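Student: Before we use any structural term, could we go through this model together and set each value against the definition behind it?

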Amino acid sequence: MKIVLYLVVLVSLLACAKHPSPKRVTAKLTTGTWLMTEFIDNEVSILDRYEDVALQFSSEGSVLSTSDSSATGKWSVSNDKNPTILYLTFSNVDSMHVLADDWVVYKLTKSECTLKRLQVEEGFNYGASMDRLTLVKK
């Protein structure tokens with residue numbers, strides 16, 4: 001019985017979580033340069049491959065990786081804020097393909113953005129996703 005009560009409370013708290021609006025995500029990401037400080041892919045940290053990568057998001061929807069392999073791509077956000085989804089694509093550098101995906105904007109402050117990979121094969125699920133990317137403003 002305690003387990004059921006605990007699950008009900010947990011689901012209620014998660015359902016009430018406030019997500020940043022698409023407008024706020026756009027406003028924050030398009031100011032400054034963002035460094036990766038955490039990158040978990042398939043439950044393994046791959047940050048060491050991306051420590052020198054900085055991302056610049058333009059208000060026109062392009063994203064530039066300012067690293068040795070200067071990758072360019074596109075980005076956009078969903079119109080819905082429950083939750084806001086960040087869509088990333090990269091076309092010219094293979095090392096950036098792991099970033100090209102749909103990411104839930106899980107946490108957003110003026111200097112930090114935490115993203116969780118959207119798991120579409122299990123329905124609209126991001127809470128269970130272990131794939132996480134944290135960006136910090138440079």
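**Terms and values in a predicted model**

Tutor: The protein chain averages a pLDDT of 82, and 78% of the residues score at least 70, where pLDDT is the predictor's confidence in each residue on a scale from 0 to 100. This is a predicted model, in which local features need pLDDT of at least 70 and side-chain atom pairs count only at pLDDT 80 or more, while totals for chains, interfaces and linings use all residues. Residues are numbered from 1 along each chain as its sequence is written, and side-chain values use heavy atoms, with hydrogens and water left out.

Student: Over which residues does pLDDT stay under 50?

Tutor: That holds for residues 4–16, for which the model has zero contacts beyond four places in sequence, a contact being heavy atoms within 4.5 Å. Where pLDDT is low, the predicted coordinates should not be read in detail.

Student: How many helices and strands does the protein chain have, and what pattern do they follow?

Tutor: There are two helices and nine strands, and along the sequence they give the pattern α-α-β-β-β-β-β-β-β-β-β. Helices (H or I, at least four residues) and strands (E, at least two) are DSSP runs, numbered from the N terminus.

Student: Why is Ala27 called partly exposed?

Tutor: Buried means under 20% relative accessible area and exposed means over 50%, with partly exposed in between (1.4 Å probe, protein chains only); Ala27 has 44% relative accessibility, and therefore counts as partly exposed.

Student: What makes strand S8 mostly covered?

Tutor: Strand S8 spans residues 112–117, and five of its six residues are buried. For the protein chain, buried residues make up 41% of the 138 residues.

Student: How do you know that S8 pairs with strand S7, and how many bridges join them?

Tutor: Two strands pair if DSSP finds at least two bridges between them, and five bridges join S7 (residues 102–108) to S8, the two running antiparallel. A hairpin connects S7 to S8 through three residues, and Trp103 has Arg117 in S8 as its bridge partner.

Student: Which residues does strand S9 span, and how many bridges join S8 to S9?

Tutor: S9 covers residues 132–137, and five bridges join S8 to S9 in an antiparallel arrangement. Within S9, Leu135 stands opposite Cys113.
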